[in-house]
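Keep the sequence and the 3D view at hand as you read.

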Amino acid sequence: MAERPLSPHITVYRWAYTMTLSILHRISGVALALALLGLIAWLVSASLGADAYAALLPLLTGTGGKLLVALAVAALIYHFCNGLRHLAWDLGYGYERADARRSAVLVIVVTLIGALLCLYFIFRPGAGAA
Amino acid sequence: MSLRAPLARALHHGTARDGVGHWLIQRVTASALAPLAIWLLVALLSLPSSDYTTVTGWIGAGLHPVLLALTLLIASWHSWLGIQVVIEDYLHGFLLKSSALLASLFLHVLFAAAGVYAVLRIALAGST
């Protein structure tokens with residue numbers, strides 16, 4: 001394939017909050033692809049029978065596993081909220097600067113609250129006990 | 001009438017003419033996934049325990065296998081579309097890009113099939 005010239009992009013622009021939200025959407029999406037793999041691994045281990053499930057469960061209920069689950073949940077909440085924002089834009093709503101800024105703040109706040117709630121749920125005493 | 005030079009057309013420059021389909025399916029799968037993702041998140045976080053009996057009982061109960069299979073299929077579809085764009089943006093060179101795209105497609109189909117099979121196996125084992 002022929003080498004074609006590439007316009008200067010990311011590095012020539014002054015930082016704007018929209019860039020951070022945009023790249024976070026992509027990063028959380030990739031993280032969720034991996035989380036989907038984890039979910040499938042969990043389902044497959046359960047389908048292999050009680051012994052196989054019991055052998056693999058500590059991976060999920062250990063501190064490392066719980067942290068990964070918490071990260072995946074945070075990624076899900078962010079990707080979900082920001083995804084709704086994208087869908088609204090696709091329908092033609094929320095393009096005004098003030099609206100876009102407000103929805104960005106809302107996404108961040110909901111993600112933080114949701115992630116903290118889920119952290120509590122995942123790490124609450126007795127959670128996920130086998 | 002095309003303004004494209006014959007050489008450019010022969011070299012497959014320009015659009016593949018299916019960009020809108022990709023864009024639209026990404027939005028359609030996102031809309032379908034939104035309620036399913038909330039359902040799965042709430043259901044999994046409120047499971048009383050993660051032991052074998054509780055988990056397999058929940059997976060096989062009522063409409064759960066149907067919703068789970070749908071979630072896995074649509075999430076895999078949506079994930080495939082998203083990862084495709086990421087690969088196209090960051091991996092360069094025909095061979096590397098094509099191999100990554102092909103690998104991503106195969107892995108997404110493989111894992112979606114494995115997940116749906118696992119759900120069905122658990123659900124059908126419970127109902128005799």
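## A walk through the two chains

Within chain B, confidence is lowest in helix α1 (residues 6-10) of chain B, with a mean of 80, and highest in α4(B), at 97. Confidence here means pLDDT, the predictor's confidence in each residue on a scale from 0 to 100, and helices are DSSP runs of H or I with at least four residues, while strands are runs of E with at least two, numbered from the N terminus. This is a predicted model, in which local features need pLDDT of at least 70 and side-chain atom pairs count only at pLDDT 80 or more, whereas totals for chains, interfaces and linings use all residues. Residues are numbered from 1 along each chain as its sequence is written, and chains are lettered from A and ligands numbered from 1 in the order in which they are written. Chain B has a mean pLDDT of 91, and 97% of its residues reach 70 or more. For the model, ipTM is 0.88 and pTM is 0.88.

Let's stay with chain B for a moment. The C-alpha trace of chain B spans about 65 × 25 × 25 Å along its principal axes. Of the 128 residues in chain B, 21% are buried. A residue is called buried if 20 or more other C-beta atoms lie within 10 Å of its own, exposed if 12 or fewer do, and partly exposed in between, with C-beta atoms placed from the backbone.

Now turn to chain A, which has four helices and zero strands in the pattern α-α-α-α. Chain A has a radius of gyration of 19 Å, well over the 14 Å that the globule rule gives for 130 residues, so chain A is more spread out than a compact globule. Its C-alpha atoms fill a box of roughly 55 × 45 × 25 Å along the principal axes, and 23% of the 130 residues of chain A count as buried. Among contacts in chain A between residues at least 6 apart in sequence, 76% join residues at least 24 apart. Two residues are in contact if their C-beta atoms, placed from the backbone, lie within 7 Å.

Helix α1(A) deserves a look of its own. At 1.5 Å a residue, its 31 residues should span 45 Å, and the end C-alpha atoms are 44 Å apart, which agrees; the expected span is 1.5 Å times one less than the number of residues. Ala41(A) has its place in this helix and counts as partly exposed because 17 C-beta neighbours lie inside 10 Å. From Ala41(A) to Leu24(A) there are 17 residues in sequence and 25 Å in space, C-alpha to C-alpha. Just after α1(A), Gly49(A) takes a positive phi of about 115°.

How do the two chains meet? In all, 29 residues of chain B are in contact with 29 residues of chain A. On the side of chain B that touches chain A, α2, α3, α4 and α5 of chain B each supply at least two residues, and α5(B) gives the most, with eight. By class, this side has 18 nonpolar, eight polar and three charged residues. Nonpolar covers Ala, Val, Leu, Ile, Met, Phe, Trp, Tyr, Cys and Pro, charged covers Asp, Glu, Lys and Arg, and the others, Gly among them, are polar.

Ile83(B), in helix α4 of chain B, is partly exposed, with 19 other C-beta atoms within 10 Å. Not counting residues up to four places away in sequence, Ile83(B) touches Ala33(A) and Ser104(B).

Finally, look at the largest nonpolar core, where Leu43(A), Ala46(A) and Leu76(A) touch the most other members out of 35 residues. Such a core is a set of buried Ala, Val, Leu, Ile, Met, Phe, Trp, Tyr and Cys residues joined through C-beta atoms within 7 Å. The largest share of this core, 10 residues, comes from α1(A). Leaving aside neighbours within four places in sequence, Leu76(A) is in contact with Leu32(A), Ala37(B) and Leu41(B).

Technical notes. Rg over C-alpha atoms; globule rule 2.2 N^0.38 Å.
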